[in-house]
Structure formats: structure tokens, C-alpha cells
Amino acid sequence: EDVATSKTIDFGTTENDRQKLNEDGITLTNSGTIAYNANTAVQTVSGKSGITIINNALGRIANTVAGNDFAIKGQSQTNLTITNSGTIESLDKFAIEIKDSTGTVITNNAGGIITAGNETIFGTGASNTTITNSGKIYVTGTNRAINLSSSTGTTITNNAGGEIYKHSSVSNAKEIINIGAD
């Protein structure tokens, strides 16, 4: 579904269509469920600026089929803001992908969960990214929870009570967080 103006999804509502945010400065506020069973549950059109995605407590944004990627794909954006108090998840890769974006702000509040099978937050080539975590950011597969390789100007703050980790079933030598290096 193309979303050209700000949109609110209420508690108890389920959207099974991709939410494609295609205008500058719009806000998607989710208190229900966005469960798209193909690639990319929420997508921002490349080259946009100032888009805000708010996932409230009990809200869920999910790509629920193995082999498909992206709960949120915010590629090539400027000043994308993602605030999570619910659950953002991808069974395969990339709960949040911000490749080649500038000025992205991701806030995971207490009680918020951001998880994926691999590369939970991924942003090769991103610049000036800020991640503030008070909830849980974790990966269930063999890759990293946060991978911002070839990125610059990254700030990650893990507040008291916040957790960034690999699920206990994962054992490999890859670091949990990768910033700047390939």
C-alpha cells in the first residue's frame, strides 16, 4: 500500500500489505500489527527526507516468512527517525536496514524489542547514525546484532537496562556490533 500522507494503525488492526512511505516528512504510527509475508513490511522510498516511524507498545512490525528480508527498509534516506516501544522483527535478515542513509535516529525504548535472524540493524555506508537503546536488540543467527560497516559518525548509547546481544543458541566468533570496519 502506498502511503503518501501520515498514517495511524490502531491497536487491534492488522495490515497485511507492505506500507510504502513515499513522501518527505510523513509519519507512520503503529499500535497494531504490520505483518507482511514477503520482502519489506515497511519501506521508505529512496531519496526521501524526514520520515518518522513510530511503533508503540504492543505494536508489531514484522516480516514473518523465512527467506524474506526487512521489517523496515529505510535505504538511502535523510533524517529517518524510528522510535520503537513494541516489536520490530524479521525472521531472516534486517529488522531495520538503513544502507547509505544519513542522519538516521533509532530509539528503542524500555520494553522495545528489535530482532532478526541475521544483521538485526544493518547500515553499510550510513553516516551520522544515532542508536539509543533501553530495550533489547538481538540477533538469533550467526551474524551481528548491529552492523554499520563502512559507516561514519555513528553513536550508540546502551542505557541502563538495555541489552544488545546474540541469542544464547548462537556460537561464533563474529562480534555483536560492527561499526566502520568491513
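Entry 1: I started with E175, which forms a salt bridge with R144; their closest N and O atoms are 2.7 Å apart. I then checked where the two sit: E175 is in the loop between β21 and β22 (177–179), while R144 is in the loop between β18 (136–139) and β19 (146–148), so the pair ties together parts 31 residues apart in sequence. I noted E175 as partly exposed, with a relative accessible area of 34%. R144 counts as buried at 11% relative accessibility. A reminder to myself: this is a predicted model.

**Entry 2: the other salt bridges.** How many salt bridges does a search of the whole structure find? I got four. One of them joins the side chains of E89 and R60, at 2.6 Å from N to O. This pair also links distant parts of the chain, with E89 in strand β12 and R60 in strand β9, 29 residues apart. Is E89 buried or exposed? At 19% relative accessibility I put E89 down as buried, because the cut-off is under 20%. R60, at 29%, counts as partly exposed.

I next looked at E1 and K7, whose side chains meet in a salt bridge at 2.8 Å, N to O. E1 is partly exposed at 40% relative accessible area, and K7 is buried at 15%. I also found that E1, K7 and E15 are linked in a network of salt bridges.

**Entry 3: the sheets.** I traced an open sheet of seven strands, paired parallel, in the order β3-β6-β9-β12-β15-β18-β21. Its edges are β3 (14–15) and β21 (163–166), each with a single partner strand, so one side of each has no neighbour in the sheet. Inside it, four bridges join β9 (residues 60–63) to β12 (residues 87–93), and A62 stands opposite E89.

Another open sheet of seven parallel-paired strands runs β2-β5-β8-β11-β14-β17-β20. Here β2 (7–9) and β20 (155–158) are the edge strands, pairing on one side only. Strands β11 (residues 81–84) and β14 (residues 105–108) share four bridges, with N84 opposite N108.

**Entry 4: the whole chain.** I counted zero helices and 22 strands. The radius of gyration is 15 Å, close to the 16 Å of the globule rule for 182 residues, so the chain is as compact as a globular protein of that length. The C-alpha atoms fill a box of roughly 45 × 30 × 30 Å along the principal axes. Buried residues make up 49% of the 182.

Key. Residues numbered from 1 in each chain as written. Predicted model: local features only at pLDDT ≥ 70, side-chain atom pairs only at ≥ 80, totals over all residues. Heavy atoms only, no water. Pairing = 2+ DSSP bridges. Rg over C-alpha atoms; globule rule 2.2 N^0.38 Å. Buried < 20%, exposed > 50% of the residue type's maximum accessible area, 1.4 Å probe, protein only.
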